[in-house]
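User: I would like to learn how to read salt bridges in a structure. Can you take me through some cases?

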Amino acid sequence: MGLTGKLEKDIEIKTPADKFYNIFKSQCHHIPNLATDKIHTIDVHEGDWETPGSVKLWKYNIDGKVEIFKEKIEIDEENKAATFIAVEGHVLDHFKSYKGTFKVTPNGDEGGLVKITLEYEKRKEDDPDPIGKYMDFLVGLVEDMDAQLPSRLDLI
């Protein structure tokens with residue numbers, strides 16, 4: 001396997017797609033309440049919750065360890081996609097570059113599909129691909145959020 005890669009995973013959701021997208025786009029501060037066993041905190045370091053290019057610091061639990069992920073967000077409003085680009089954190093111990101995109105597509109009036117795309121460049125050939133550790137974590141995050149959101153739409 002090469003040093004660069006791209007992984008994709010689709011997850012069906014019950015939450016209205018616009019509501020789900022808004023969480024990633026401008027309301028990440030709600031995520032720790034929706035996935036309490038995964039995400040500890042998300043804090044703004046530059047900018048604010050709503051402006052593309054703002055920088056946020058995530059503290060999360062993965063494989064029984066607390067890690068951090070400092071990211072800059074890009075928004076593609078037309079495609080309802082939010083891309084989180086790593087600027088600091090544990091993920092960069094193994095990757096020169098790492099970005100995760102959450103693209104939300106409606107499926108009628110209710111629910112939709114979340115496509116997670118991870119694009120990365122490993123530091124060394126023998127560094128692990130993010131398929132297990134990070135992709136599984138993000139799939140679980142989306143599933144946890146979807147399990148909580150339908151009953152908590154008052155948040156958004």
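This is a predicted model: local features need pLDDT of at least 70, side-chain atom pairs count only at pLDDT 80 or more; totals for chains, interfaces and linings use all residues.

User: How many salt bridges does the structure hold?

Analyst: There are 13 salt bridges. To read one, look for a Lys or Arg side-chain nitrogen within 4 Å of a carboxyl oxygen of Asp or Glu. Take Lys 115 and Asp 10: their closest N and O atoms are 3.1 Å apart.

User: Where do Lys 115 and Asp 10 lie?

Analyst: Lys 115 is in strand β7, residues 112–122. Asp 10 is in strand β1, residues 4–13. The pair therefore ties together parts 105 residues apart in sequence.

User: Are Lys 115 and Asp 10 buried, partly exposed or exposed?

Analyst: Lys 115 is partly exposed, at 26% relative accessibility. Asp 10 is also partly exposed, with 41%.

User: What about Lys 6 and Glu 8?

Analyst: They form a salt bridge, with the closest N and O atoms 3.9 Å apart. Lys 6 has a relative accessible area of 52%, so it counts as exposed. Glu 8 is partly exposed, at 47%.

User: Which residue pairs with Lys 124?

Analyst: Asp 127 does, and the closest N and O atoms are 3.8 Å apart. Lys 124 is partly exposed, with a relative accessible area of 48%. Asp 127 has 7% relative accessibility. Buried means under 20%, so Asp 127 counts as buried.

User: Which residues are joined into one network?

Analyst: Lys 6, Glu 8, Asp 10 and Lys 115 are, through salt bridges that share partners.

Notes: Residues are numbered from 1 along each chain as its sequence is written. Side-chain values use heavy atoms; hydrogens and water are left out. Buried means under 20% relative accessible area, exposed over 50%, partly exposed in between (1.4 Å probe, protein chains only). Helices (H or I, at least four residues) and strands (E, at least two) are DSSP runs, numbered from the N terminus.
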